[in-house]
Amino acid sequence: QHGNVGPISLDKLPQIAQGMRSPDVATQETATRQCRKLLSKEKKPPIDEVIQAGLVPVLVQALHRTDRSALQFEAAWTLTNVASGTTEQTYTVFQSGAVELFIKLLTSPDEDVAEQ
């Protein structure tokens with residue numbers, strides 16, 4: 001269960017997208033975590049909405065942040081949620097260059113990042 005925190009609703013996506021593009025890294029981490037939770041719904045996760053919001057390239061950029069393993073972890077998890085959708089959604093992640101970055105992350109000193 002989620003405890004006191006309810007599931008993230010799709011109407012929060014504009015605020016989440018804004019937070020993911022914030023210059024503040026802590027804001028980016030929080031927003032990326034919210035995006036991941038939004039996509040973790042078992043039934044009909046809003047993958048297309050996240051793609052249409054232009055967030056795949058933002059997530060790929062977050063994978064480059066070797067200085068912020070928590071952000072990398074959330075971005076990797078979110079991208080794997082996007083890639084778990086339809087063939088087209090998987091291809092969007094592939095086209096973004098995320099696969100090469102995922103391979104690099106396998107050697108991350110942060111075990112959680114490497115495992116994700």
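This is a predicted model: local features need pLDDT of at least 70, side-chain atom pairs count only at pLDDT 80 or more; totals for chains, interfaces and linings use all residues.

Colleague: Where is Thr32 found, and what does Thr32 touch, not counting residues up to four places away in sequence?

Modeller: Thr32 is found in helix α2, residues 25-39. Leaving out residues up to four places away, it touches Met20, Leu59, Leu71, Glu74, Ala75 and Thr78.

Colleague: Let's take the helices, then. How do α1 and α2 cross?

Modeller: Angles from 65 to 115 degrees count as roughly perpendicular and those over 145 as roughly antiparallel, while an angle between these two ranges is oblique. The axes of α1 (residues 13-20) and α2 cross at roughly 140° and come within 7 Å. The two helices are therefore oblique to each other, and the crossing is left-handed.

Colleague: Which residues of α1 and α2 meet?

Modeller: On the α1 side they are Leu13, Ile16, Gly19 and Met20; on the α2 side, Thr27, Gln28, Ala31, Thr32, Gln34, Cys35 and Leu38. By class, this contact of α1 with α2 has six nonpolar, five polar and no charged residues. Thr32 turns up here again, among the α2 residues.

Colleague: What about α4 and α5: at what angle do their axes cross?

Modeller: Roughly 140°, with the axes of α4 (residues 55-63) and α5 coming within 8 Å. That makes α4 oblique to α5. The crossing of α4 and α5 is left-handed. From α4, the contact takes in Val56, Leu59, Val60, Ala62 and Leu63; from α5, Leu71, Gln72, Ala75, Ala76, Thr78, Leu79 and Val82. These divide into 10 nonpolar, two polar and no charged residues.

Colleague: Ala98 brings us to α7. How do α5 and α7 pack?

Modeller: Helix α5 (residues 69-83) and helix α7 (residues 98-105) have their axes 12 Å apart, at an angle of about 130°. That makes α5 oblique to α7, and their crossing is left-handed. Gln72, Ala76, Leu79 and Thr80 of α5 meet Ala98, Phe102 and Leu105 of α7. The contact of α5 with α7 has five nonpolar, two polar and no charged residues.

Colleague: And aromatic pairs: how many are there?

Modeller: Two rings pair if their centres lie within 6.5 Å, and planes over 60 degrees apart count as edge-to-face. By that rule, the count is two aromatic pairs. One of them, Phe73 with Trp77, is edge-to-face, at 5.5 Å centre to centre and 70° between the planes. Both residues lie in helix α5, four residues apart, about one turn of the helix.

Colleague: Is Trp77 buried, exposed or partly exposed?

Modeller: Trp77 has a relative accessible area of 27%, so it is partly exposed.

Notes
Residues are numbered from 1 along each chain as its sequence is written. Side-chain values use heavy atoms; hydrogens and water are left out. Axes are lines fitted to C-alpha atoms, for helices over the stretch in contact, and angles run from 0 to 180 degrees between N-to-C directions. Angles under 35 degrees count as roughly parallel, over 145 as roughly antiparallel, 65 to 115 as roughly perpendicular and the rest as oblique. A crossing is left-handed if the near helix is turned anticlockwise from the far one by less than a right angle, and right-handed if clockwise. Contact means heavy atoms within 4.5 Å. Ala, Val, Leu, Ile, Met, Phe, Trp, Tyr, Cys and Pro count as nonpolar, Asp, Glu, Lys and Arg as charged, and the others, Gly among them, as polar. Rings of Phe, Tyr and Trp (its six-membered ring) pair if their centres lie within 6.5 Å; planes under 30 degrees apart count as stacked, over 60 as edge-to-face and the rest as tilted. Buried means under 20% relative accessible area, exposed over 50%, partly exposed in between (1.4 Å probe, protein chains only).
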